Amino acid sequence: MQRIASPVVIIIITIISLELSTRVLCHYFLVFDIEMLRYSTSLKDYSDDNLISFEHRKKKKETLMGVDVSINSKGLRDKELKEDEGDKKIIFLGDSLTFGWGVEKDKVFEDIVEKKLWSYGKRVPILNYGHCNFNTEQQVDLLLKKENLSDIDSVFLFYFINDAEKTPIKKKPPFYSQSLFISLLRSRYNRITGEGNYYDYYIKLYDENQSGWIQTQNSIKKLHQSLKKKGVLLYVFLLPDLHQVSPYPFYKIHKQVSTFLSREGVEWDDLTSEFKDVKNSKSLWVALDDPHPNEKAHKIIAEGVFSKIKERLRD
């Protein structure tokens, strides 16, 4: 009996040691996989809408990727909006890039553009509808569920290349999500054993028969039609993947998306050109293992976005 117990005790002690070591490591160093796990466990609540899957916990605060994240009473990473504040609202709709993952709130491009508009004499509140892990279908469904379209001036959809992923099936987090060591081990294993690389993955997303890409097109059509009935503008900005910005390897995919948008009569602009002078793509990353846009990249995005919005306001 003792011979059996000894190995079991050793295994238990080893697992506990590895878990404690991982927690200490993640306390002093930012690890993307762990920070995103903390986002899921601390800021997400299940939604009764199966397409949306989750919504942000209202009035919740957390520190993620070393920055403070506050969710308001509307479930958005934004300030509280007063009923009489400014003109009709502008919506910035998107995923984790629009959310401002890893960037202080006042450095996120949505916040920068809003301040520029106010300094330009336009009291137009912008609502940040960015949600991490959301594809286009979820983004559109969330907006149509939460907003009265009559109160909106325009919707700017910030489209990222992986927004054509399939909508995941809603399910509870696995039991091991409480263990940082197991979660980190699993995510690294998936990276190593995953089919192909991010380039191959993106290319496959845009096969004409891929259900995710088909659903993405249907969702944009649905949003455009709903907004058009209310006289609300839909404008799409294509955001570049920051693994490599010059030369950019995904122009063909961007062309495929923009061709679809033009066919549907949706105005669009590709912000990839705003990054053409950046020589070192990693200088735009929020962390060494995380190519989400950092403060520098958000500033570049904001300049491109503001120039287009300013043109529209002038018109």
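**A friendly note on this model**

1. Tyr-198, Tyr-199 and Ile-203 make a nonpolar surface patch of about 260 Å². Keep in mind as you look that this is a predicted model. Ile-203 belongs to helix α7, which covers residues 198–205. Is Ile-203 buried or partly exposed? Its relative accessibility is 38%, so Ile-203 counts as partly exposed, since that class lies between the buried limit of under 20% and the exposed limit of over 50%.

2. Next, find the sheet. In what order do its strands stand? The 5 strands follow the order β6-β5-β7-β8-β9, and they form an open sheet with parallel pairing. At the edges you will find β6 and β9 (267–270); each has a single partner strand, so one side of each has no neighbour in the sheet. From one strand to the next, the twist averages 20°.

3. Now zoom in on one strand pair. Strand β5 (residues 89–94) runs parallel to β6, and 5 bridges join the two.

4. Helix α8 (residues 211–229) lies across β5, β7 (152–159) and β8, and it runs at about 145° to β8. Helix α9 lies across β7, β8 and β9, with an angle of about 170° to β8.

5. Here is some background for the last two points. Most residues other than glycine have a negative phi, and most peptide bonds are trans. Which residues have a positive phi here? One of them is Lys-59, with phi near 55°. Lys-59 sits in the loop between β2 (54–56) and β3 (61–64), and its 65% relative accessibility means that Lys-59 counts as exposed. Another is Asn-133, where phi is near 70°. You can find Asn-133 in the loop that links β6 (126–130) and α5 (136–146). Asn-133 counts as partly exposed because its relative accessibility is 40%.

6. Finally, have a look at a peptide bond. Where is Pro-247 placed? Pro-247 is in the loop between β8 (233–238) and α9 (251–263). The peptide bond leading from Ser-246 to Pro-247 is cis, and its omega is near -5°.

Notes: Residues are numbered from 1 along each chain as its sequence is written. This is a predicted model: local features need pLDDT of at least 70, side-chain atom pairs count only at pLDDT 80 or more; totals for chains, interfaces and linings use all residues. Side-chain values use heavy atoms; hydrogens and water are left out. Helices (H or I, at least four residues) and strands (E, at least two) are DSSP runs, numbered from the N terminus. Buried means under 20% relative accessible area, exposed over 50%, partly exposed in between (1.4 Å probe, protein chains only). Two strands pair if DSSP finds at least two bridges between them. Axes are lines fitted to C-alpha atoms, for helices over the stretch in contact, and angles run from 0 to 180 degrees between N-to-C directions. Contact means heavy atoms within 4.5 Å. Patches are made of residues with over 30% relative accessible area and no salt bridge: like charges are joined within 9 Å, nonpolar side chains (Val, Leu, Ile, Met, Phe, Trp, Tyr) within 5 Å. Accessible areas come from the Shrake-Rupley method with a 1.4 Å probe; for residues, only the protein chains shown count as cover. A salt bridge is a side-chain nitrogen of Lys or Arg within 4 Å of a carboxyl oxygen of Asp or Glu.
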